[in-house]
Amino acid sequence: MINLLERITPDPAIDRFIGTSFDLSDRIHEILESKGLTQKDLAEMLGKKESQVSKWMTGTHNFTIKTLALLEVKLGASIFQITSGPIEPLKKKRAEPDNVMA
């Protein structure tokens, strides 16, 4: 019998989306920590409920570009940077061993 997970075709776009979402959350946590702020403080700064901020930070709700811009303004720090420099290919993730799910 084939494991259902083995039949799922990997989707690089979904992997990239998830990775970027976690990178953004990690960066926001880093900024909060450097400023001695909590998620509750951030919620108050944004006029949002703490539960909403928690959803962003745990990846259960997506950031919008508008929200990311607001976060940068309120935190006074860059969360992500888009440059007009040379276009570089995405770094590929290392392939995981076949027996990871075994």
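Biologist: How are helix 3 and helix 5 oriented to each other, roughly parallel or roughly perpendicular?
Modeller: This is a predicted model. The axes of helix 3 (residues 39-46) and helix 5 (residues 65-75) cross at roughly 105°. Angles of 65 to 115 degrees count as roughly perpendicular. Helix 3 and helix 5 are therefore roughly perpendicular.

Biologist: Within what distance do the axes of helix 3 and helix 5 come?
Modeller: Two packed helices are described by an angle and a distance between their axes. The angle for helix 3 and helix 5 is roughly 105°. Their axes come within 10 Å.

Biologist: Which residues of helix 5 make the contact with helix 3?
Modeller: Helix 3 brings L42, M45 and L46 to this contact. Helix 5 answers with L70, L71, K74 and L75.

Biologist: How many charged residues does that contact have?
Modeller: By class, the contact of helix 3 with helix 5 has 6 nonpolar residues and no polar ones. The charged count is 1.

Biologist: Which residues of helix 3 are buried, and within what arc do they fall?
Modeller: The buried residues of helix 3 are L42, A43 and L46. Viewed down the helix 3 axis, they line one face, because they fall within an arc of 100°.

Biologist: What covers the buried residues of helix 3?
Modeller: Helix 5 is part of the cover. The cover also includes helix 2 (12-34) and helix 4 (50-58).

Biologist: Which residue caps the N-terminal end of helix 3?
Modeller: Look for a side-chain oxygen 3.3 Å from the backbone nitrogen of K40. The residue that supplies this oxygen, and so caps helix 3 at its N-terminal end, is T38.

Biologist: Which residue just after helix 3 takes a positive phi?
Modeller: The phi there is about 70°. The residue is G47.

Biologist: Is L32 buried or exposed?
Modeller: L32 lies in helix 2. Buried means under 20% relative accessible area. L32 has 3% relative accessibility, so L32 counts as buried.

Biologist: How far apart in space are L32 and L42, C-alpha to C-alpha?
Modeller: Leaving aside neighbours within four places in sequence, L32 is in contact with L37, T38, Q39, L42 and L75. In sequence, L32 and L42 are 10 residues apart. In space, C-alpha to C-alpha, they are 8.0 Å apart.

Biologist: What does S21 touch, not counting residues up to four places away in sequence?
Modeller: S21 lies in helix 2. At 13% relative accessibility, S21 counts as buried. The residues touched by S21 are G59 and F63.

Biologist: What is the relative accessible area of V53?
Modeller: V53 lies in helix 4. Not counting residues up to four places away in sequence, V53 touches Q39, L42, A43, L46 and K48. V53 is buried, and its relative accessible area is 0%.

Biologist: How far apart in space are V53 and L42, C-alpha to C-alpha?
Modeller: V53 and L42 are 11 residues apart in sequence. Their C-alpha to C-alpha distance is 7.6 Å.

Biologist: Which residues of helix 4 are buried, and within what arc do they fall?
Modeller: In helix 4 the buried residues are V53, W56 and M57. Seen down the axis of helix 4, they line one face, because they fall within an arc of 95°.

Biologist: Which helices do the buried residues of helix 4 pack against, and which residue follows helix 4?
Modeller: The buried residues of helix 4 pack against helix 2, helix 3 and helix 5. The residue after helix 4 has a positive phi, near 80°. That residue is G59.

Biologist: Which residues of helix 5 are buried, and which on the other side are exposed?
Modeller: T67, L68, L71 and L75 are buried in helix 5. They fall within an arc of 100° seen down the axis, so they line one face. These buried residues pack against helix 2, helix 3 and helix 4. The exposed residues on the other side of helix 5 are I65, K66 and V73.

Biologist: Which residue follows helix 5?
Modeller: Its phi is positive, near 65°. The residue is G76.

Biologist: What percentage of the residues in the protein chain is buried?
Modeller: The protein chain has 5 helices and 0 strands. The chain holds 102 residues.

Key
Residues numbered from 1 in each chain as written. Heavy atoms only, no water. Axes fitted to C-alpha atoms, helices over the stretch in contact; angles between N-to-C directions. Helix = DSSP H or I, 4+ residues; strand = E, 2+ residues; numbered from the N terminus. Parallel < 35°, antiparallel > 145°, perpendicular 65-115°, else oblique. Contact = heavy atoms within 4.5 Å. Nonpolar A, V, L, I, M, F, W, Y, C, P; charged D, E, K, R; others polar. Buried < 20%, exposed > 50% of the residue type's maximum accessible area, 1.4 Å probe, protein only. Arc of directions from axis to C-beta. Polar contact = N/O pair within 3.5 Å; in protein donor to acceptor, adjacent residues only side chain to side chain.
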